[in-house]
Amino acid sequence: MKKHQYKLNLKWTGDEGKGTLNYKSYNRNYKISAEGKNSEINGSADPAFLGDKSKYNPEDLFLSSIAACHMLWYLHLCSTHKIIVVAYLDNATGVMEETSNGSGKFTEVSLNPMVKVTEESMISKANELHKEAGRMCFIANSCNFEIGYNPTTIVV
């Protein structure tokens, strides 16, 4: 079995002079970087957990990882099935449930891709390939819940 390894740097940038003296003495900001990447990702916690709403939080990044992985597999499958996609946009949604002890987990994710193809004869197969992309997606295969797919495909 072939293995792939990933490495990144996560740096907390939220010390406001008192460290983690108490829950409100620090901010939740951080930077994600990796060798050879063009830019950093500025992150924080969700605003519900005292984070900066203008920055991506781990839940945003989790949802985006699922959506991006699905899209990349989908485009690959379309290319091998001679379906010409000229535009792809996904308005993905997810639900995370918090438990009484403060932990939580995602319980659902729905991908809502809007795909544009070049010929009407491609629409049926284009829609079918979302299921196969879902089975192939590395990130989706790592989740412990089903991911919903609600595709819309039109001809340009």
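Which residues do ring pairs link into a cluster?

**View 1. Ring pairs link Phe62, Phe106 and Phe145 into a cluster.** This is a predicted model: local features need pLDDT of at least 70, side-chain atom pairs count only at pLDDT 80 or more, and totals for chains, interfaces and linings use all residues. Residues are numbered from 1 along each chain as its sequence is written, and side-chain values use heavy atoms, without hydrogens or water. The structure holds 5 aromatic pairs. Rings of Phe, Tyr and Trp (its six-membered ring) pair if their centres lie within 6.5 Å.

**View 2. Tyr74 and Tyr88 form a tilted aromatic pair.** Their centres are 5.7 Å apart, with 50 degrees between the planes. Planes under 30 degrees apart count as stacked, over 60 as edge-to-face and the rest as tilted. Tyr74 lies in helix H1 (residues 58-80) and Tyr88 in strand S4 (residues 85-90), so the pair ties together parts 14 residues apart in sequence. Helices (H or I, at least four residues) and strands (E, at least two) are DSSP runs, numbered from the N terminus. Tyr74 is buried, at 0% relative accessible area. Tyr88 is also buried, at 17%. Buried means under 20% relative accessible area, exposed over 50%, partly exposed in between (1.4 Å probe, protein chains only).

**View 3. Arg28 sits over the rings of Tyr23 and Tyr26.** Its charged end is 4.4 Å from the ring centre of Tyr23. For Tyr26, the distance from Arg28 to the ring centre is 3.9 Å. A charge sits over a ring if NZ of Lys or CZ of Arg is within 6 Å of the ring centre and within 35 degrees of the ring normal.
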